[in-house]
Amino acid sequence: MYTIGTSCRRRGTSTIMGTLIFVGIIFTAVIPMMLVVKQADTLYEMRKHELVSLDEERAMESIFFHLETSIDSETEEPIITLVFYNRGVMAVKIVHVWINGGLREVNYLILPTSNEEFELRNLIDPPYEDTVSFSIMVVTDNGNIFLPPSGNPEYSFIDEVGSWEYHVYTIYIMMTHKRPQLHALITCTTEVPNVIVFNDNLENNLDGYLIGVTFDGKYLVIVTQFYDIELRRVEVTLNPNSPAVLVII
Amino acid sequence: MKERERLNERRAITPVISALILSAVVLTVGGIVWAYSQGAMTISAEDYAESVINMTDTISERFIVEHVSYDETHLYIWVYNYGDVGIEVNVTYPENLIGWTEVLSKDLEKIDIGIVLSPNTEVGINVESRRGNDVYYRYVVPS
C-alpha cells in the first residue's frame with residue numbers, strides 16, 4: 001500500500017509538471033503563432049480591399065481633354081493649350097505629357113467636374129520653318145492614358161506666318177446622368193443649304209458621344225428626348241484654335 | 001521475515017530519488033519539447049508572415065507600358081509603375097533580356113533593346129515583373 005501510494009504521488013507530480021509544460025507551450029508558442037498568422041491574414045485582406053478600391057478609383061477616372069492651339073503674335077511660336085474637363089467623381093492628377101514621343105513631367109490636378117487649362121510652350125525649337133504634326137498623350141497618376149479626340153494638330157510656317165490646321169474636329173456630347181431615348185441632330189450652319197452631319201439616337205450610357213466632323217465652322221446641336229422634348233439647343237464653333245467642344249446635357 | 005522488513009525500510013529513500021529522477025526527466029523532455037516547439041512555431045510564423053507579405057506585394061504591383069518608340073536600331077520601352085511597391089521588370093518579348101530593371105513606385109523607366117525591325121511590323125511586347133505579373137503591349141513600327 002505504501003509503495004502504491006508513493007508511485008501515485010510521483011505520477012501526480014509528473015502529470016502536473018507535464019500539464020504545466022503543455023499549457024506553457026500553448027501560451028508561448030502556439031497562441032503567438034496563431035496571432036501572427038491571423039494578423040498577417042488580416043493585413044492581407046485589408047490590402048486586398050485597398051487595392052480593389054484603388055482599381056475602382058482608377059476605373060472611375062474619366063477626363064475629356066482637347067487641344068486648343070494659338071500662336072505667339074511676336075515670335076510666331078506655336079502654343080498648345082490642354083483643356084481638361086474632369087467628368088468623374090475623383091480628382092485626377094496628370095503626371096506625364098507626351099508630345100511627339102518626348103516626355104514632359106508635369107503635375108496638373110483636375111478637380112471633379114471642373115475645367116482646367118494648361119499651356120504648353122517650347123514645342124519646337126526656333127526658327128519655326130517646318131510643318132510639324134503634334135501627337136499628344138497624357139498619363140494620370142493612376143496609369144490611365146488619355147488621347148485628345150480631335151487628333152493631331154498641324155503647325156505650318158509659311159511666308160513667315162505660322163498657322164494651325166486640324167483634320168478632325170470633334171463635338172462631344174456628355175450626359176450628366178442616364179436618360180432614355182435621346183436623339184441628336186447636328187447641322188452645319190455655315191454651309192448653304194444646311195448640311196446634316198449627324199442625325200441618330202444616342203445610347204443610354206454615361207460614356208458620352210464623340211462626333212467627328214471634317215470641316216471647321218459653325219454647327220447647331222439639338223438634343224431631344226422622346227423625339228419631341230428639346231433638352232439642349234446650342235450653336236458651337238469649331239476652328240483650329242478650338243477643335244473640340246463639349247456639350248453637356 | 002526480518003530481513004524483508006529491513007529491506008522495506010531501506011527502500012524509503014528510493015521513492016524520493018525516483019520522484020526526483022522522474023521530475024528531472026519530465027522537466028528535461030518538457031523543456032526540449034517546449035524549446036523545439038517555440039522555435040518551430042516562431043519559424044513557421046515568420047515564414048507565413050513573409051509569404052503573406054510577398055503575396056501582398058505581388059498583388060500590389062501595378063505597372064503599364066506607357067510609351068514605345070523605335071529608332072532603326074533600338075526599341076525603347078517606357079514602363080510606369082503606378083503602384084505602391086517598387087518592382088523589377090524584364091522584357092521577355094520580342095527579346096528576352098537577362099537583366100532586371102528596377103522601377104520605383106510612381107516612377108517611369110526606359111528600357112532599351114537593341115533590335116532591328118522592319119517598318120510597319122507589329123510587335124508584341126511583353127514586360128514581366130520578378131514577382132510574376134506581366135503586361136502586354138502591341139506596337140507597330142512606324143514607316
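In this predicted model, chain A contains an open sheet of three strands, arranged in the order E1-E2-E5 with antiparallel pairing. Strands of a sheet pair through backbone hydrogen bonds, in either a parallel or an antiparallel sense. From one strand to the next, the twist averages 20 degrees. Strand E2 (residues 78–86) of chain A is joined to E5(A) by six bridges in the antiparallel sense. Within E5(A), Asn115(A) is the bridge partner of Tyr85(A).

The next topic is the interface between the chains. Here 29 residues of chain A are in contact with 30 residues of chain B. On the side of chain A that touches chain B, helix H1 (2–60) and strand E3 (92–99) of chain A each supply at least two residues. H1(A) gives the most to this side, with 22 residues. By class, the side of chain A that touches chain B comprises 14 nonpolar, 10 polar and five charged residues.

Nonpolar side chains tend to be buried together in soluble globular proteins. In this model, the largest nonpolar core has 48 residues, and those with the most contacts inside it are Ala184(A), Phe63(B), Ile77(B), Val79(B), Tyr80(B) and Val127(B). Strand E2 (residues 74–81) of chain B provides the largest share of this core, five residues. Leaving aside residues up to four places away in sequence, Val127(B) touches Val65(B), Ile77(B), Val79(B), Val89(B), Val91(B), Asp134(B) and Val135(B).

Conventions. Residues are numbered from 1 along each chain as its sequence is written. Chains are lettered from A and ligands numbered from 1 in the order in which they are written. This is a predicted model: local features need pLDDT of at least 70, side-chain atom pairs count only at pLDDT 80 or more; totals for chains, interfaces and linings use all residues. Two residues are in contact if their C-beta atoms, placed from the backbone, lie within 7 Å. Helices (H or I, at least four residues) and strands (E, at least two) are DSSP runs, numbered from the N terminus. Ala, Val, Leu, Ile, Met, Phe, Trp, Tyr, Cys and Pro count as nonpolar, Asp, Glu, Lys and Arg as charged, and the others, Gly among them, as polar. Two strands pair if DSSP finds at least two bridges between them. Axes are lines fitted to C-alpha atoms, for helices over the stretch in contact, and angles run from 0 to 180 degrees between N-to-C directions. A nonpolar core is a set of buried Ala, Val, Leu, Ile, Met, Phe, Trp, Tyr and Cys residues joined through C-beta atoms within 7 Å. A residue is buried if 20 or more other C-beta atoms lie within 10 Å of its own, exposed if 12 or fewer, and partly exposed in between; C-beta atoms are placed from the backbone.
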